[in-house]
Amino acid sequence: MKIKKLLNFRLLAGILVAASITSCGKSNSNVSTATGWKINDSKGGFQYNTKYEQRTPNGMVPVEGGTFTMGRVQDDILADWNNNPKEMYVQSFYMDETETTNIMYNEYLYWLRTVYPQNNELYQEIYKSAIPDTTVWRGPSGFNESLISSYLRHPAYANYPVVGVTWLQANDFAKWRTDRVNELALEKAGYLKKDSKILDAASDSHFSTDTYLVSPESVYGGNSDIAYKGKGNKAKEGDRNLYATQNSGLFTSQFRLPTEAEWEYAAIGLIGNREYNNYKGRKKYPWDKSSKRKKGKPIVQNTKYANYKQGRGDYGGIAGWSTDNGDITNAVKSYPPNDFGLYDMSGNVAEWVADVYDPSIDQNETDFNFYKGNVYYKNKIGADGKIVVTTNETVKFDTLSTGKLRIRNLPGQVSQEVFDPSLLDDNVQSGLGGRIKGEAPTPLRKATLYDEKSRVIKGGSWKDRAYWLDPATRRFYPEDQATDYIGFRLVMTKVGPKSDKRKTKN
């Protein structure tokens with residue numbers, strides 16, 4: 001009996017050793033470690049991108065996440081006490097290296113008026129809802145009429161940051177950019193007809209990421225000559241892998257406005273300075289300087305770290321002795337980047353961020369990916385149980401406080417609605433804030449200048465004093481209004497590991 005047990009033990013040990021040798025050898029990423037079945041078998045079965053690697057999107061730079069002290073202002077000259085220092089952590093993300101420029105926004109406008117021809121009254125409203133308000137340059141006691149007609153369109157301002165854009169318009173631009181990037185990726189991979197994005201996009205027959213993912217047969221108006229079944233339209237009858245899915249790794253994460261925490265973390269740029277005091281948030285400006293003055297030189301010669309207002313009536317110094325070489329905004333990349341490689345995180349224009357403004361952010365708030373303003377949406381389901389895709393006949397507009405119209409979903413996009421609206425009060429029905437029913441009502445307070453439609457803006461602008469260059473300072477502005485000193489840039493969540501740095505081998 002003992003000999004038999006010993007033989008059995010040796011046999012088991014041999015099997016384990018063989019298994020360990022196999023596992024230590026060259027692994028096959030196309031074989032399931034769960035079942036041993038082949039992945040991506042040419043005969044069919046489970047399809048999955050086992051070699052996916054996220055690449056930095058065009059125009060963006062990677063921002064490695066980490067911990068920082070949010071809200072640590074060096075001065076509180078306004079004494080509004082809306083910034084209590086608190087330790088926060090943000091995940092890694094990608095961020096536009098510059099603010100969104102006029103040429104970038106004009107590409108969006110061109111697409112809209114091309115896909116939605118302006119000889120249609122409905123399409124005229126769609127286009128008008130996206131146009132920046134160029135009259136923001138007009139003031140009661142200033143003469144800026146030339147900027148009204150030239151700043152957005154003229155090639156001289158092509159690489160200047162777009163202004164006159166509301167928070168709502170910035171979000172619409174982000175959604176459009178997501179769709180265009182995904183459309184190109186699918187075309188390159190052979191799932192869409194080549195150049196269909198230019199030649200065949202019209203009205204509700206265009207590409208929408210959400211539509212493709214939930215109802216790919218409906219994209220491009222259901223035209224199967226454009227939305228291919230299988231790569232190169234070579235899928236055979238009965239194939240189960242007709243369309244690209246999230247498993248393919250072809251779809252990018254959504255472009256979006258940064259949260260306040262992400263923006264502030266990126267602006268400080270702690271990665272380039274590991275000293276303890278700076279790590280705890282002691283840097284006053286996004287560049288690694290304790291003041292705006294270079295050591296040993298007069299301030300008028302060396303304030304070209306940012307474009308901001310030097311003092312009353314001083315937006316750019318005297319002729320021949322410029323302090324920042326900009327009287328209004330300036331072309332992006334005119335000043336040195338911070339340690340993350342981001343330009344104009346202070347000065348030039350202030351920037352929209354995603355958050356609803358709340359002056360009281362206390363220690364009880366979440367310390368991981370902090371954000372205020374969550375309202376969740378779901379795809380609208382029709383009476384037939386299918387996803388509802390917006391058409392020309394079902395387009396809906398919202399009327400803003402300015403009297404302008406804003407389209408909810410473009411024709412061709414999936415119609416969405418607030419998730420479980422029965423739990424939300426009337427302020428949330430438009431998806432702009434509010435509270436859950438059943439919660440204790442907010443205590444009565446005096447009238448304020450902000451509400452659930454006030455959004456945080458960060459960073460100083462060309463017409464702001466140096467105080468606002470501190471990344472921790474915060475202000476607010478109505479989400480459906482625009483001005484000549486607020487622009488925006490977009491971010492994208494990084495999927496997978498925090499950092500792409502390879503581990504060093506011992």
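These exercises work through a predicted model of one protein chain.

**Exercise 1. Overall make-up**

Task: State how many helices and strands the protein chain has, and what share of its residues is buried.

Solution: Begin with the elements: the chain holds 9 helices and 16 strands. Next, take burial: of the 506 residues, 42% are buried. Then consider the surface, whose accessible area is about 28200 Å², with 52% of that belonging to carbon and sulfur atoms. Last, turn to contacts with a separation of 6 or more: residues 24 or more positions apart account for 68% of them.

**Exercise 2. Helix H3**

Task: Find which residues of helix H3 are buried, and decide how they are placed around the helix axis.

Solution: Helix H3 covers residues 121-128, and Tyr-123, Ile-126 and Tyr-127 are buried in it. Looking down the axis of H3, these buried residues fall within an arc of 95°, so they line one face of the helix. The next step is to ask what they pack against: helix H2 (102-115), strand E10 (397-399) and strand E11 (405-407). Finally, look at the N-terminal end of H3, which is capped by Asn-120. A side-chain oxygen of Asn-120 is 2.8 Å from the backbone nitrogen of Leu-122.

**Exercise 3. The largest nonpolar core**

Task: Name the residues with the most contacts inside the largest nonpolar core, and the element that gives the most to this core.

Solution: The largest nonpolar core has 63 residues. Those with the most contacts inside it are Tyr-105, Leu-112, Trp-137, Tyr-212 and Phe-488. Two or more residues come from each of H2, H3, helix H4 (145-150), helix H5 (167-189) and E8. H5 gives the most, with 7 residues. As an example of the contacts, take Tyr-105: leaving out residues up to four places away in sequence, Tyr-105 touches Ala-130, Pro-132, Val-162, Val-165, Gln-169, Phe-173 and Phe-488. Apart from this core lies another, of 24 residues, among them Val-61, Ile-268, Phe-340 and Val-456.

**Exercise 4. Thr-100**

Task: Is Thr-100 buried or exposed, and which residues does Thr-100 touch?

Solution: First place the residue: Thr-100 is in the loop between strand E4 (93-96) and H2. Its relative accessibility is 0%, so Thr-100 counts as buried. Beyond four places away in sequence, Thr-100 touches Tyr-160, Pro-161, Val-162, Phe-173, Phe-488 and Arg-489.

**Exercise 5. A sheet of 4 strands**

Task: Give the strand order of the open sheet of 4 strands, and say which strands stand at the edges.

Solution: The order is E14-E13-E8-E15, and the pairing is mixed. Strand E14 (475-478) and strand E15 (486-487) each have a single partner strand, so they stand at the edges and one side of each has no neighbour in the sheet. For Val-356, the bridge partner in E13 is Arg-455.

**Exercise 6. Two positive phi values**

Task: Compare Tyr-220 and Asn-369 by phi and by accessibility.

Solution: Start from the general rule: most residues other than glycine have a negative phi. Tyr-220 has a positive phi near 55°, and Asn-369 has a positive phi near 50°. Tyr-220 is in the loop between helix H7 (209-214) and strand E5 (255-256), while Asn-369 is in the loop between strand E8 (350-356) and strand E9 (377-379). The cut-off for buried is under 20% relative accessible area. Tyr-220, at 2%, is therefore buried, whereas Asn-369, at 30%, counts as partly exposed.

Technical notes
Residues are numbered from 1 along each chain as its sequence is written. This is a predicted model: local features need pLDDT of at least 70, side-chain atom pairs count only at pLDDT 80 or more; totals for chains, interfaces and linings use all residues. Side-chain values use heavy atoms; hydrogens and water are left out. Buried means under 20% relative accessible area, exposed over 50%, partly exposed in between (1.4 Å probe, protein chains only). The arc is that of the directions from the helix axis to the C-beta atoms. Contact means heavy atoms within 4.5 Å. A polar contact is a pair of N or O atoms within 3.5 Å; within protein, one must be able to donate a hydrogen and the other to accept it, and residues adjacent in sequence count only if both atoms are side-chain atoms. Accessible areas come from the Shrake-Rupley method with a 1.4 Å probe; for residues, only the protein chains shown count as cover. A nonpolar core is a set of buried Ala, Val, Leu, Ile, Met, Phe, Trp, Tyr and Cys residues joined through side-chain atoms within 4.5 Å. Two strands pair if DSSP finds at least two bridges between them.
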